[in-house]
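Colleague: Before I use a model in my own calculations, I would like to learn how to read its local features. Could you take me through them one at a time?

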Amino acid sequence: MSRYEQAREMFAKAGVDTEAALQKLAGIPISVHCWQGDDVVGFDGAGAAGDGIQTTGNYPGRARTPEELMADIRLAFSLMAGKKRLNLHASYALLGDELGKVDRNAYRPEHFAPWVKFAKEVGAVGIDFNPTCFSHPMVKNGLTLSSPDDAVRKFWVEHCIACLKIAEYFAGEMGTYCAVNIWVPDGLKDVPADRLGPRLRLKDSLDKILACGYDKNKVRVAVESKVFGIGLESYTVGSNEFYQNYAATRGICCLLDNGHYHPLEYVSDKIPALLAFYDTVALHVTRGVRWDSDHVVLLEDELKEICKEIVRNDATEKVMIALDYFDASINRISAWVVGERNVQKALLFALLQPYEQLKKMQDEANFSEQMMLQEEMKTLPYGDVWEEYLSRNRFAGSDWFEAVRDYENKILKERR
């Protein structure tokens, strides 16, 4: 009897069907972010990330051109099991000579056509998109859509509208929705004299963006809150309360980033709270260390709890899962693969829990047995089920890193 067959019998005794779990896991897409590969620099000339975000580290091999970034993503995708979507920022526009150099408020689908071709080549099941409202001269005094400067607000409104039109193009080409997440760095370094005014301007700007007439059957718009940013520590315009109310009143998604809250706030608890009111919830999976530091996702307790809430609430098609981190201190391809695999491992762990039994115990106030069963499930051999999943999908187990090491020695070390 193989290790998987033994594990299957052990889980069956607890009322869990491992075959059903494997089948379910294979159908859950994870949106993989392009910006891990080049430290959020992009290709539109903006340079290093700024305006509230920062990438740390100088590990050799950063992608410097579209061709290098695509090659790196291609290898990373080949080492990731399961369905993948490709997540792009607008700053990754490919502004060739024949298209002409334009600013972000004039981006068109043509500037992203090579990404569509590439996504299809690597087997991505969809493309997601993000306006890039940072690292640009039109971020004035830390403000974009909430700026008191009419010209600044107009520029960023136009940029976001352009992104919605590009998202429609992505959806049409890929045959599935495109999630568009709007995050702005807007905030102040020190104590503000006016907290309401910037929020009213942000509300008006967002209303103008949503009024552009985009196809809601193709594009899912989300807004993303944050506690603070670098140099914007005292006040964030797009707070959690602001965006949750805005999303609820405008019929769009509220995005939860598990690095964007106080360390004692848990996204795993916020997911079911939003599912009580929203048809769709957007999720960014990252790892904050003391602050929103965008560390590579590890297989930690909170990640497991996040995935449990998605699975136990039958929300694998309601929660749009995306990665969002950027670590320049380690091999960037390894960072991609480790993070994506850990989300898949956490989803599998969640799929191997006897939720009906546990819910029944909770409703009957049978808390002693509930605790016992929850703890016993933690040590069942779900790692053997994971290895079976990789084997069936013809993916390497822990030896995948050899491919990364070989690529680094042959390709990455040549980049100067």
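Modeller: We will go through salt bridges, helices, strands and backbone angles in turn.

Modeller: This is a predicted model, in which local features need pLDDT of at least 70 and side-chain atom pairs count only at pLDDT 80 or more, while totals for chains, interfaces and linings use all residues. Residues are numbered from 1 along each chain as its sequence is written, and side-chain values use heavy atoms, with hydrogens and water left out.

Colleague: Let us begin with charged pairs: how many salt bridges does the structure hold?

Modeller: Side chains of opposite charge can pair when their charged atoms come close. The criterion for a salt bridge is a side-chain nitrogen of Lys or Arg within 4 Å of a carboxyl oxygen of Asp or Glu, and the structure holds 26 of them. One of these salt bridges joins the side chains of Asp 128 and Arg 85, at 2.8 Å from N to O.

Colleague: Which parts does the pair of Asp 128 and Arg 85 tie together?

Modeller: Asp 128 lies in strand β3 and Arg 85 in strand β2 (residues 84-89), so the pair ties together parts that are 43 residues apart in sequence. Helices (H or I, at least four residues) and strands (E, at least two) are DSSP runs, numbered from the N terminus. For accessibility, buried means under 20% relative accessible area, exposed means over 50%, and partly exposed lies in between, with a 1.4 Å probe and protein chains only. On that scale Asp 128 is buried at 6%, and Arg 85 is buried at 3%.

Colleague: How should I read a salt bridge whose two partners sit in one helix?

Modeller: An α-helix has 3.6 residues a turn, so residues three or four places apart point the same way. Arg 153 and Asp 150 are 3 residues apart in helix α5, which separates them by about one helical turn, and their side chains meet in a salt bridge of 2.8 Å, N to O. Arg 153 is buried, with a relative accessible area of 17%, whereas Asp 150 is exposed at 54%.

Modeller: A further case is in helix α13 (residues 382-392), where Arg 392 and Glu 388 are 4 residues apart and again separated by about one helical turn. Their side chains form a salt bridge at 2.8 Å, N to O, and salt bridges that share partners join Arg 8, Glu 19, Glu 388 and Arg 392 into one network. Arg 392 counts as partly exposed, at 41% relative accessibility.

Colleague: Which residues of helix α14 are buried, and where around its axis do they lie?

Modeller: In helix α14 (residues 401-410), the buried residues are Val 404, Tyr 407 and Glu 408. They cover an arc of only 100° around the axis, which puts them on the same side of α14; the arc is that of the directions from the helix axis to the C-beta atoms. Their cover includes α3 (66-78) and α10 (332-351), where contact means heavy atoms within 4.5 Å.

Colleague: And how are the strands around β8 arranged?

Modeller: Strand β8 (residues 253-257) has 5 of its 5 residues buried. Both of its faces are covered, with Cys 253, Leu 255 and Asp 257 on one side and Cys 254 and Leu 256 on the other. Two strands pair if DSSP finds at least two bridges between them; strand β6 (residues 219-224) runs parallel to β8 and is joined to β8 by 3 bridges, with Ala 222 opposite Cys 253. Strands β8 and β9 also run parallel, joined by 3 bridges, and Leu 256 has Leu 283 in β9 as its bridge partner. The chain crosses from β8 through helix α8 (residues 267-275) to β9 in a right-handed β-α-β crossover, a term for a path from the first strand over the helix to the second that runs clockwise with the strands pointing away from the viewer.

Colleague: Finally, which residues have a positive phi although they are not glycines?

Modeller: Asn 141 has a positive phi of about 55°, and it is found in the loop between β3 (127-130) and α5 (150-174). Asn 141 is exposed, with a relative accessible area of 73%. Arg 290 has a positive phi of about 70° and sits in the loop between β9 (281-285) and α9 (301-312), where Arg 290 is exposed at 81%.
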